[in-house]
Amino acid sequence: MKITRVERKLGASTLVIETGKVAKQAHGAVTVQYGDTVALATVLAAPSSRDLDFFPLYVDYREMQYAGGKFPGGFFKREGRPSSKEILTARLIDRPLRPLFPDDFVDEVQIQVMVISADKDYDGDVLAVIGGGASVSLSHAPFDGPIGCVRVAHVNGEMILFPSYPQRAQSDLDLVVSGSRNAINMIEMDGKEVDDQVVVEACRFAHEAIKQICDMVDELVAKAGQPKKYTAHPLDPKLMELVLQGYGKKIRQIKQIAGKTERNDTMSALADQAVAELCPAGADPAATPLPPDVRKAFYKVEGKVQRQLLLEGIRPDGRKAKEVRPICIESPALPRTHGSAIFSRGETQALATVTLGTPRDQQKIDGLQEEYMKRFMLHYNFPPFSVGEIRPVRGPSRRDIGHGTLAEKSLEPILPSQESFPYTIRVVSEILESNGSSSMATVCGGCMALLDAGVPITASVAGISIGLVREKGRKILITDILGEEDFHGDMDFKVAGTRKGITGIQLDFKPSDGLDVETIAETLSQAKEARLHVLAEMDKVLANPRPQLSQFAPRMITLKIDPEKIGKVIGPGGKTINSLSQRFNVTIDVEDDGSIFVSGLDAAAAEAARAEIELITEEVKIGRVYTGKVVGIKDFGVFVELAPGKDGLCHVSELDEKFVKNVTDVVKLGDVLTVKVVAIDDQGRVKLSRKAVMKEQAEDKS
């Protein structure tokens, strides 16, 4: 097999796609390179040995630690389970590819992408999407490609294609867009309150580059592609028509029942009736359809009826196209959490909680790039009871991680800086009820919980999801979509932001023809209108952060010292810092730059610990009064500990205003004395006077 290579200058570097060199037993394999970052993507497609009624697409993405010249952490020193970043990137590959396979295609398809070389400038995630799409286009699997994928940054008013990590840090948005030559079908974005028009222009800029990547893939396929082949599993159109004629009117009536549970139960009963009537017991199997085919046809007809109703402006719960469901907010919702809220929007409900911690509660992220500490975490849980299901609970799914990350990115821009608010922040969203856009309910609930916790956020954030139905020149955008409007509709466009601008976007588009930029602009406008409505409802409950933190949250005090004096605070073998922690019942964290964080439930104790740390790190000054413990007694005087590691000598002649013959007549070991620094000699030895303090006190009384 000959090596085929295409390349094109895009942005600051050259994008290279190559096939025929490695992984030749895969049905499609490419390497995608940008800078020194290289991703290997492979695909295998084969008929399943199981009788499936769904498309089994498996997507895996791994960042091999050797790619960045690193050893994996942990005891085994090899890659383990996928990280959150790897799971999110697997979703990033899956979402734009899945809609481009035929509806009746049920062969098993596995796409595996590995980052095998990583530089310090470019992320492998976008290359993985390009590689996944290119490998499928090269294979025999049916695929309505090609697709392209790019990342765009916006720095000082300039759009940057394939930005480096430093450029992404400077950008006010981080936008990933996938699509075909004609349209966009996936968007993932987080931003710093970005204006709608900037997002639209960034999408337009991204799509121009996507077209060039599609040209590259087409060129590669023309040189090295395989003929497409698969066994179609079409649904009998006569069966579809039979179901439509026999049950279409009843489906239309059921679709207008307002309650989700009643609507679903009634529809399920009608589906059972259709199976029983169209597949009667004892009938000739050759003359009657199979029950699975009837159920599939019923679902298709249900979707067709649902779409027709939406195009007519009729929604299941009777709302208008731009109407948001009734909102109910309770905050606080729990007695002992640091912050909490229950956010309900129609039949979607999220319980959000906030926990405030110390810097040692931060999460260490160790990926291909330099490890870093993460101070804000948002975790999303979707228990089965939220949708009335019974299933095992085995930890967070890929969907849970994806929804939680979207909400996390949407809230992060409005958090206070670590310098002004040094707490580690964890938000947890428990979805208690779900019927449409629980991730956006998480954004709203999470924001309310942050306000309840007293976190000084810069603005409130709300989120909403916009759906779309488009058929034969007709189109309708619907606000705050329900679950079935998502299932049978064309799009789920989630937008989160403040009154000022957008902080998070996630778009998934189901039809293979994609979404034009003009419709994206229209969607953002409708989402903003709904977002402002939700923000107004949130303000009615809590418009600003509570003035004080919860009594159960730790009190955090920060101070900055000369980094050269860190050793004095820690002490030999940690003796000093451990002693301070035990005496004042506080937690003390010291950073390399001299930042010190003192935290404890007792604010007074934390303040006392800070005062002592200041004593330790300050230079002893002549004329200053200190209170310290007697740590040594000699015939000529006593040694007083002014601060840990700092002693001074109070001579016997300075112990009292009266003559002192024996030191022990006045003080004993362990006594606490108030003394004044009267001199510091050239050797740094400190001379103290108790007599001077007594004299000043007497003068004050007189």
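1. Let's start with a charge above a ring. Arg336 sits over the face of Phe552, 3.9 Å from the ring centre. Keep in mind as you look that this is a predicted model.

2. How many aromatic pairs does the structure hold? There are ten. One of them joins Phe55 and Phe101, with 4.8 Å from centre to centre and 50° between the planes, so the pair counts as tilted.

3. Where do these two residues sit along the chain? Phe55 belongs to the loop between β4 (37-46) and β5 (57-63), while Phe101 belongs to the loop between α1 (84-97) and β6 (108-117). The pair therefore ties together parts that are 46 residues apart in sequence.

4. Are Phe55 and Phe101 buried or exposed? Phe55 has 15% relative accessibility, so Phe55 counts as buried. Phe101 has 4% relative accessibility and counts as buried too.

5. Phe75 and Phe76 give you another pair to look at: this one is edge-to-face, with 5.5 Å from centre to centre and 85° between the planes. Phe75 counts as exposed because its relative accessibility is 76%. Phe76, at 70% relative accessibility, also counts as exposed.

6. Finally, go back to Phe55 and Phe101 and look around them. Together with Phe105, Phe143 and Tyr230, Phe55 and Phe101 form one aromatic cluster.

Technical notes: Residues numbered from 1 in each chain as written. Predicted model: local features only at pLDDT ≥ 70, side-chain atom pairs only at ≥ 80, totals over all residues. Heavy atoms only, no water. Phe/Tyr/Trp six-rings, centres within 6.5 Å; stacked < 30°, edge-to-face > 60°. Helix = DSSP H or I, 4+ residues; strand = E, 2+ residues; numbered from the N terminus. Buried < 20%, exposed > 50% of the residue type's maximum accessible area, 1.4 Å probe, protein only. Lys NZ or Arg CZ within 6 Å of the ring centre and 35° of its normal.
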